[in-house]
Structures are given as structure tokens and as C-alpha cells.
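Subject: Handing over the structure, with notes

Dear colleague,

Please find the sequence and structure below, followed by an account of what was found in it.

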Amino acid sequence: MYNLLKVIGVANGHQNGFGATLAELSRCLPGAIRCLAAPTLPGTYNGGDFIWRVSFADDVAANAAMASEPGAAIRELTANNAMVISLDEAEFETGHAGGCQDAAGGLYRIAMFCANRDPTPERLAAFTRDTLVMPAHVRTILRWELSQAATASGAMPWTHLWEQEYADRAGLEGAYMLHPVHWAHVERWFDTEYPDYLVAPRLVHSFCATDQAILNQEARQ
């Protein structure tokens with residue numbers, strides 16, 4: 001899968017119209033396999049007002065979609081400085097992926113990281129291994145993907161996309177955030193007081209409600 005992701009902040013007074021237009025245009029994108037265009041929920045951190053994520057079979061299909069009339073309209077909409085006050089975005093091939101449980105109604109979470117402190121291949125591999133341990137312990141994670149950005153822009157040059165789906169918000173803010181494996185194995189890559197510190201302190205932590213599985217769809221086909 002090749003994925004396009006945008007975390008969009010919108011000026012006050014424009015949210016309703018922006019969200020409706022974004023959702024309608026997204027439904028018209030040719031070649032889209034999965035599409036999410038939803039308002040974020042309270043409690044995000046650098047999380048914007050909307051999450052937009054669309055998956056395609058490959059980068060050729062993604063480029064064709066964004067060159068289409070609806071794709072051009074989405075690009076114009078998200079480049080409108082009168083409405084859009086922040087934009088963090090990335091394009092990426094699906095990397096590591098797992099989980100197959102569907103929730104009738106659930107939560108999608110995206111974390112965007114910039115691993116830019118001494119990012120040797122060995123340190124990046126260790127960071128990836130530690131992050132991938134989490135789904136085996138945090139059982140509220142229904143689906144997940146850990147990918148590296150092909151291109152990215154925004155507040156930071158984002159390098160990693162860490163996505164999960166949960167049945168509900170408690171699965172993220174309770175079981176995930178408080179789990180010992182999170183603090184014992186993963187936190188050391190983020191904490192500037194640890195010698196292993198790898199990831200820049202500024203990150204995107206954003207989530208929204210969803211009524212369909214978004215992640216790990218390729219494994220099901």
C-alpha cells in the first residue's frame with residue numbers, strides 16, 4: 001500500500017465547511033482503497049483539527065489520484081492559507097503491519113516522529129524492534145502499522161509513522177499510554193535525559209473516531 005497522510009489545523013470558523021468539503025472530495029478520489037477524512041477528538045497533541053489518510057495500491061496510483069480533478073481540489077484546499085493554519089503531512093509505503101481485529105466503531109491514532117539524533121542504522125533498527133514489541137503486550141491495539149516516510153513536511157521532517165486502531169479511546173489513553181512496556185522499552189528513545197535518546201521532542205499525537213478498519217488491509221486481500 002502507498003499512503004498519503006495529512007494532519008490539518010483549520011482556523012476557527014472554517015472547520016465545518018472545510019471538513020465537509022474535504023470528505024466529499026476524498027470520496028471522489030480515483031483508485032483510493034481506503035479513505036479517512038475525519039475531525040480529530042479533544043486531547044490530541046499537535047494533532048490539528050482533521051486527519052486525512054488515503055491508501056492506494058502504489059505510488060503511481062496515488063500520483064494519478066492527486067493529479068485528478070478531486071485530487072487537485074484537495075491540494076488547493078489544504079494549501080489555502082486563509083483556512084489552513086498548520087499542516088503536517090507524509091507519503092509512505094506501508095512498513096511493518098499487524099492485527100486483524102475489526103471494531104464496530106473505533107479509534108484511529110497517528111503518531112508522527114522525527115528520529116534525528118544520531119540516527120545510525122543500528123539505533124533505528126533497535127528503535128523499530130522496541131516499538132514493534134508493543135502490540136504483543138498492549139492487547140487493546142487491534143491493528144497497527146509502523147512505516148518510514150518517503151516524503152514529509154510540516155513542523156518537523158517526519159521520519160516515522162506509528163499508527164494504531166482501537167475499539168475505543170480507553171484502549172489508547174489507558175492500556176497503551178500506561179503500559180509498562182511503553183515506559184520500559186520505548187520511552188528511552190524519546191526522553192532527552194536517556195543516553196539512547198533518538199526522537200525529537202516535538203511529535204504529532206492525533207486521533208479520531210472511525211467506523212471502518214483503515215490499517216493492515218493489504219494482508220487481508
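At 27% relative accessibility, Asn46 counts as partly exposed, where buried means under 20% relative accessible area, exposed means over 50%, and partly exposed is what lies in between, with a 1.4 Å probe and protein chains only. This is a predicted model, in which local features need pLDDT of at least 70 and side-chain atom pairs count only at pLDDT 80 or more, while totals for chains, interfaces and linings use all residues. Residues are numbered from 1 along each chain as its sequence is written, and side-chain values use heavy atoms, with hydrogens and water left out.

Asn46 belongs to the loop between β2 (34-39) and β3; helices (H or I, at least four residues) and strands (E, at least two) are DSSP runs, numbered from the N terminus. The phi of Asn46 is near 55°, a positive value in a residue other than glycine. Asp118, in the loop between β6 and α4, likewise has a positive phi, near 50°, and with 46% relative accessibility it counts as partly exposed. As background, most residues other than glycine have a negative phi.

The sheet comes next. Five strands form an open sheet in the order β5-β7-β9-β6-β10, with antiparallel pairing, two strands being paired if DSSP finds at least two bridges between them. Because β5 (96-98) and β10 (204-210) stand at the edges with a single partner strand each, one side of each is left without a neighbour in the sheet. From one strand to the next the twist averages 10°, where axes are lines fitted to C-alpha atoms (for helices over the stretch in contact) and angles run from 0 to 180 degrees between N-to-C directions.

Going through the pairs, β5 and β7 are joined in the antiparallel sense over three bridges, and Gly98 has Trp144 of β7 as its bridge partner. Between β7 and β9 there are six bridges, again antiparallel, with Ser147 standing opposite Leu161 in β9. Strand β7 is mostly covered, since five of its six residues are buried. Strand β6 (residues 106-113) is joined to β10 by seven bridges, the two running antiparallel, and the partner of Ile110 in β10 is Ser206. Helix α5 (residues 169-178) packs on the sheet and touches β6, β9 (160-166) and β10, its direction making about 120° with that of β9; contact here means heavy atoms within 4.5 Å.

What, then, covers the buried residues of α4? The cover includes β5, β6, β7, β9, α5 and α6, and the residues of α4 that are buried are Arg123, Ala126, Phe127, Thr128, Asp130, Thr131, Met134 and Pro135. Asp130 has a relative accessible area of 12% and touches His185, Val186, Arg188 and Trp189, not counting residues up to four places away in sequence. At 1.5 Å a residue the 17 residues of α4 should span 24 Å, and the end C-alpha atoms are 25 Å apart, which agrees; the expected span is 1.5 Å times one less than the number of residues.

The largest nonpolar core has 23 residues, of which Phe113, Phe127, Met134, Trp162, Tyr176, Phe190 and Val199 touch the most other members. Such a core is a set of buried Ala, Val, Leu, Ile, Met, Phe, Trp, Tyr and Cys residues joined through side-chain atoms within 4.5 Å. Two or more residues are given to this core by each of β6, α4 (121-137), β7 (143-148), β9, α5 and α6 (180-186). Leaving out residues up to four places away in sequence, Phe190 touches Phe113, Phe127, Tyr197, Val199 and Leu203.

His160, in strand β9, is buried with a relative accessible area of 3%. Its contacts, with residues up to four places away in sequence not counted, include Ala111, Phe113, Phe127 and Ser147.

Finally, helix α3 (residues 69-78) has Pro70, Gly71, Ile74, Leu77 and Thr78 as its buried residues. Seen down the axis of α3, these fall within an arc of 125°, so they line one face of the helix, the arc being that of the directions from the helix axis to the C-beta atoms. The face turned away from the buried side of α3 carries the exposed residues Glu69 and Glu76.

With best regards
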